[in-house]
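Please look at the sequence and the structure before reading on.

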Amino acid sequence: MFSVDVLAGTKLASGDMFFFILSFVILMLLVKHFAWGPVTKMMQDRADKVANDIDAAETARQEAEKLAGERREALQSSRQEASTIVTDAKAVGNKQRDAIVSDAQASAAALKQSATAEIEQERQDALAGVQNDVADLSVQIAAKIIQKELKIEDQKALIDSYIEGLGASHEA
(Lines give C-alpha, C1' and ligand atoms only; values in the text may rest on other atoms or scores of the structure.)
Protein backbone atom coordinates (compact mmCIF):
# COMPACT_ATOMS: atom_id res chain seq x y z
CA MET A 1 0.00 0.00 0.00
CA PHE A 2 2.75 2.43 0.84
CA SER A 3 4.60 1.53 -2.35
CA VAL A 4 1.49 2.01 -4.38
CA ASP A 5 0.94 5.45 -2.85
CA VAL A 6 4.51 6.45 -3.33
CA LEU A 7 4.52 5.23 -6.82
CA ALA A 8 1.23 6.90 -7.57
CA GLY A 9 2.35 10.20 -5.99
CA THR A 10 5.65 10.41 -7.82
CA LYS A 11 4.33 8.93 -11.00
CA LEU A 12 7.40 6.81 -11.60
CA ALA A 13 7.20 4.11 -14.11
CA SER A 14 8.22 0.61 -13.11
CA GLY A 15 11.02 0.66 -15.71
CA ASP A 16 12.47 3.75 -14.12
CA MET A 17 12.07 2.12 -10.77
CA PHE A 18 13.92 -0.93 -11.92
CA PHE A 19 16.64 1.27 -13.41
CA PHE A 20 17.04 3.16 -10.13
CA ILE A 21 17.20 -0.04 -8.13
CA LEU A 22 19.66 -1.56 -10.55
CA SER A 23 21.75 1.63 -10.52
CA PHE A 24 21.67 1.64 -6.72
CA VAL A 25 22.76 -1.98 -6.53
CA ILE A 26 25.55 -1.37 -9.07
CA LEU A 27 26.56 1.71 -7.13
CA MET A 28 26.64 -0.31 -3.90
CA LEU A 29 28.73 -2.99 -5.59
CA LEU A 30 31.09 -0.39 -6.97
CA VAL A 31 31.30 1.29 -3.62
CA LYS A 32 31.94 -2.05 -1.96
CA HIS A 33 34.53 -3.02 -4.54
CA PHE A 34 36.38 0.29 -4.86
CA ALA A 35 35.63 2.38 -1.80
CA TRP A 36 34.72 -0.01 1.02
CA GLY A 37 38.21 -1.54 1.30
CA PRO A 38 40.07 1.80 1.33
CA VAL A 39 37.49 3.32 3.68
CA THR A 40 37.69 0.39 6.09
CA LYS A 41 41.46 0.42 5.74
CA MET A 42 41.48 4.15 6.46
CA MET A 43 39.20 3.60 9.44
CA GLN A 44 41.38 0.77 10.68
CA ASP A 45 44.49 2.91 10.18
CA ARG A 46 42.82 5.70 12.06
CA ALA A 47 41.82 3.34 14.86
CA ASP A 48 45.37 1.96 14.95
CA LYS A 49 46.77 5.49 14.99
CA VAL A 50 44.47 6.50 17.85
CA ALA A 51 45.41 3.33 19.75
CA ASN A 52 49.08 4.00 19.10
CA ASP A 53 48.67 7.61 20.17
CA ILE A 54 46.96 6.46 23.37
CA ASP A 55 49.73 3.93 23.97
CA ALA A 56 52.36 6.57 23.21
CA ALA A 57 50.63 9.01 25.54
CA GLU A 58 50.54 6.38 28.28
CA THR A 59 54.20 5.58 27.68
CA ALA A 60 55.03 9.29 27.71
CA ARG A 61 53.05 9.73 30.93
CA GLN A 62 54.87 6.82 32.54
CA GLU A 63 58.19 8.21 31.30
CA ALA A 64 57.27 11.64 32.66
CA GLU A 65 56.37 10.12 36.03
CA LYS A 66 59.65 8.20 36.01
CA LEU A 67 61.59 11.37 35.17
CA ALA A 68 59.70 13.31 37.82
CA GLY A 69 60.58 10.62 40.34
CA GLU A 70 64.22 10.71 39.27
CA ARG A 71 64.15 14.51 39.48
CA ARG A 72 62.69 14.32 43.01
CA GLU A 73 65.34 11.82 44.01
CA ALA A 74 68.06 14.00 42.46
CA LEU A 75 66.67 17.04 44.22
CA GLN A 76 66.56 15.18 47.52
CA SER A 77 70.10 13.94 46.93
CA SER A 78 71.21 17.48 46.09
CA ARG A 79 69.59 18.78 49.27
CA GLN A 80 71.32 16.13 51.33
CA GLU A 81 74.61 16.88 49.61
CA ALA A 82 74.14 20.60 50.21
CA SER A 83 73.30 19.91 53.84
CA THR A 84 76.43 17.77 54.15
CA ILE A 85 78.54 20.49 52.53
CA VAL A 86 77.13 23.12 54.89
CA THR A 87 77.69 20.86 57.89
CA ASP A 88 81.24 20.11 56.78
CA ALA A 89 81.89 23.80 56.12
CA LYS A 90 80.63 24.66 59.61
CA ALA A 91 82.85 21.98 61.13
CA VAL A 92 85.86 23.22 59.18
CA GLY A 93 85.03 26.80 60.14
CA ASN A 94 84.75 25.87 63.80
CA LYS A 95 87.99 23.92 63.60
CA GLN A 96 89.77 26.86 61.96
CA ARG A 97 88.28 29.25 64.52
CA ASP A 98 89.50 27.06 67.36
CA ALA A 99 92.94 26.78 65.76
CA ILE A 100 93.14 30.55 65.26
CA VAL A 101 92.04 31.20 68.85
CA SER A 102 94.49 28.60 70.14
CA ASP A 103 97.31 30.09 68.07
CA ALA A 104 96.41 33.57 69.26
CA GLN A 105 96.37 32.41 72.88
CA ALA A 106 99.72 30.64 72.45
CA SER A 107 101.17 33.71 70.77
CA ALA A 108 99.85 35.95 73.54
CA ALA A 109 101.26 33.61 76.17
CA ALA A 110 104.63 33.57 74.39
CA LEU A 111 104.60 37.36 74.13
CA LYS A 112 103.65 37.64 77.78
CA GLN A 113 106.41 35.24 78.78
CA SER A 114 108.90 37.08 76.58
CA ALA A 115 107.82 40.43 78.02
CA THR A 116 108.05 39.05 81.55
CA ALA A 117 111.52 37.70 80.88
CA GLU A 118 112.56 41.00 79.28
CA ILE A 119 111.16 42.94 82.22
CA GLU A 120 112.98 40.67 84.62
CA GLN A 121 116.20 41.11 82.67
CA GLU A 122 115.73 44.88 82.61
CA ARG A 123 115.05 44.79 86.33
CA GLN A 124 118.17 42.76 86.99
CA ASP A 125 120.21 45.09 84.76
CA ALA A 126 118.79 48.14 86.51
CA LEU A 127 119.43 46.60 89.91
CA ALA A 128 123.00 45.77 88.96
CA GLY A 129 123.46 49.30 87.61
CA VAL A 130 122.10 50.78 90.80
CA GLN A 131 124.30 48.48 92.86
CA ASN A 132 127.36 49.60 90.94
CA ASP A 133 126.39 53.24 91.15
CA VAL A 134 125.67 53.01 94.87
CA ALA A 135 128.92 51.15 95.43
CA ASP A 136 130.89 53.75 93.54
CA LEU A 137 129.17 56.60 95.33
CA SER A 138 129.56 55.02 98.73
CA VAL A 139 133.26 54.34 98.07
CA GLN A 140 133.74 57.92 97.03
CA ILE A 141 131.85 59.19 100.03
CA ALA A 142 133.65 56.87 102.42
CA ALA A 143 136.97 57.81 100.89
CA LYS A 144 136.21 61.44 101.39
CA ILE A 145 135.04 60.82 104.94
CA ILE A 146 137.93 58.80 106.14
CA GLN A 147 140.36 60.38 103.73
CA LYS A 148 141.90 57.21 102.82
CA GLU A 149 141.55 54.71 100.04
CA LEU A 150 139.31 51.75 100.74
CA LYS A 151 139.35 48.48 98.90
CA ILE A 152 136.61 48.59 96.34
CA GLU A 153 135.85 44.86 96.56
CA ASP A 154 135.21 45.05 100.29
CA GLN A 155 133.01 48.08 99.88
CA LYS A 156 131.06 46.47 97.00
CA ALA A 157 130.49 43.33 99.02
CA LEU A 158 129.17 45.41 101.86
CA ILE A 159 126.87 47.39 99.56
CA ASP A 160 125.70 44.28 97.72
CA SER A 161 124.71 42.63 100.95
CA TYR A 162 122.89 45.78 101.97
CA ILE A 163 121.04 46.03 98.61
CA GLU A 164 120.12 42.34 98.62
CA GLY A 165 118.70 42.88 102.04
CA LEU A 166 116.67 45.78 100.65
CA GLY A 167 115.55 43.75 97.62
CA ALA A 168 114.49 40.82 99.81
CA SER A 169 112.50 43.07 102.07
CA HIS A 170 111.00 44.90 99.05
CA GLU A 171 109.91 41.66 97.27
CA ALA A 172 108.38 40.23 100.41
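A salt bridge is a side-chain nitrogen of Lys or Arg within 4 Å of a carboxyl oxygen of Asp or Glu. The model is predicted, so local features need pLDDT of at least 70 and side-chain atom pairs count only at pLDDT 80 or more, while totals for chains, interfaces and linings use all residues. Residues are numbered from 1 along each chain as its sequence is written, and side-chain values use heavy atoms, with hydrogens and water left out.

Reader: What percentage of the residues in the protein is buried?
Author: Buried means under 20% relative accessible area, exposed means over 50%, and partly exposed lies in between (1.4 Å probe, protein chains only). The protein has 172 residues, and the buried part of them is 5%.

Reader: What share of the accessible surface belongs to carbon and sulfur atoms?
Author: Accessible areas come from the Shrake-Rupley method with a 1.4 Å probe; for residues, only the protein chains shown count as cover. The protein has an accessible surface of about 14,600 Å². The share of carbon and sulfur atoms in this surface is 63%.

Reader: Which residues form a nonpolar patch on the surface?
Author: Patches are made of residues with over 30% relative accessible area and no salt bridge; like charges are joined within 9 Å, and nonpolar side chains (Val, Leu, Ile, Met, Phe, Trp, Tyr) within 5 Å. M28, one of the members, lies in helix 2 (residues 14-146) and is partly exposed at a relative accessible area of 38%. Together the members have about 630 Å² of accessible area, and they are I21, F24, V25, L27, M28, L29 and V31.

Reader: How far apart are the end C-alpha atoms of residues 17-36?
Author: UniProt, in an unreviewed entry, lists these residues, 17-36, as "transmembrane region". UniProt positions are given in the numbering used here, feature names are shortened, and annotations may be inferred rather than shown by experiment. In the model, residues 17-36 are 100% helix and 0% strand, and their end C-alpha atoms are separated by 26 Å.

Reader: What is the distance between the end C-alpha atoms of residues 47-77?
Author: An unreviewed UniProt entry annotates residues 47-77 as "coiled-coil region". This span is 100% helix and 0% strand, and the distance between its end C-alpha atoms is 44 Å.

Reader: With which residue does R61 form a salt bridge at 2.3 Å?
Author: R61 is partly exposed at 39% relative accessible area. The closest N and O atoms are 2.3 Å apart, and the partner is E58.

Reader: What is the N to O distance in the salt bridge of E120 and R123?
Author: E120 and R123 are separated by about one helical turn, because they are three residues apart in helix 2. E120 is partly exposed at 37%, and R123 is partly exposed at 34%. Their side chains meet at an N to O distance of 3.1 Å.

Technical notes. Helix = DSSP H or I, 4+ residues; strand = E, 2+ residues; numbered from the N terminus.
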